[in-house]
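Look at the model first, then read on.

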Amino acid sequence: MFRAAPDEAIYQEAQKIVLAQKDKPLFLVLQTISSHKPYDTPKGNTELAAMTYSDQELLKFYRQLQSINYFDNGILIVA
């Protein structure tokens, strides 16, 4: 079994890092884990469930960044 942290946990940790570094330059790279096989997410273990979960968690992270005005001086690149 693939024992990686779900996307929600990764984004929560990233949010802490962003807040701690908010007055300093920061380059942070994250990789979604939940959207990779084997699909094992809190929302289910199908490809559709995994992609839906990953999209929802990325949207939450984006909105959290908006709420702290990250985009006044920051850039988020999703590739």
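## Where the helices meet

In this predicted model, D7, E8, Y11, A14, Q15 and V18 of helix α1 contact Y53, S54, E57, L58, K60, F61, Q64 and L65 of helix α2. Contact means heavy atoms within 4.5 Å. Helices are DSSP runs (H or I, at least four residues), numbered from the N terminus. By class, this contact has 7 nonpolar, 3 polar and 4 charged residues.

Residues are numbered from 1 along each chain. Local features need pLDDT of at least 70, side-chain atom pairs need 80 or more, and hydrogens and water are left out of side-chain values.

## How they cross

Helix α1 spans residues 7-20 and helix α2 spans residues 47-67. Their axes (lines fitted to C-alpha atoms over the stretch in contact) come within 9 Å and cross at roughly 15°. Angles under 35 degrees count as roughly parallel, so α1 and α2 are roughly parallel to each other.

## The nonpolar core

Which residues make up the largest nonpolar core? They are Y11, A14, V18, F61 and L65. Such a core is a set of buried residues (under 20% relative accessible area, 1.4 Å probe) joined through side-chain atoms within 4.5 Å. The largest share, 3 residues, comes from α1.

F61 touches Y11, A14, Q15, L30 and L76, not counting residues up to four places away in sequence.

## The loop

T46 lies in the loop between α1 and α2. T46 and Q15 are 31 residues apart in sequence and 27 Å apart in space, C-alpha to C-alpha.

Notes: Axes are lines fitted to C-alpha atoms, for helices over the stretch in contact, and angles run from 0 to 180 degrees between N-to-C directions. Helices (H or I, at least four residues) and strands (E, at least two) are DSSP runs, numbered from the N terminus. Angles under 35 degrees count as roughly parallel, over 145 as roughly antiparallel, 65 to 115 as roughly perpendicular and the rest as oblique. Ala, Val, Leu, Ile, Met, Phe, Trp, Tyr, Cys and Pro count as nonpolar, Asp, Glu, Lys and Arg as charged, and the others, Gly among them, as polar. Buried means under 20% relative accessible area, exposed over 50%, partly exposed in between (1.4 Å probe, protein chains only).
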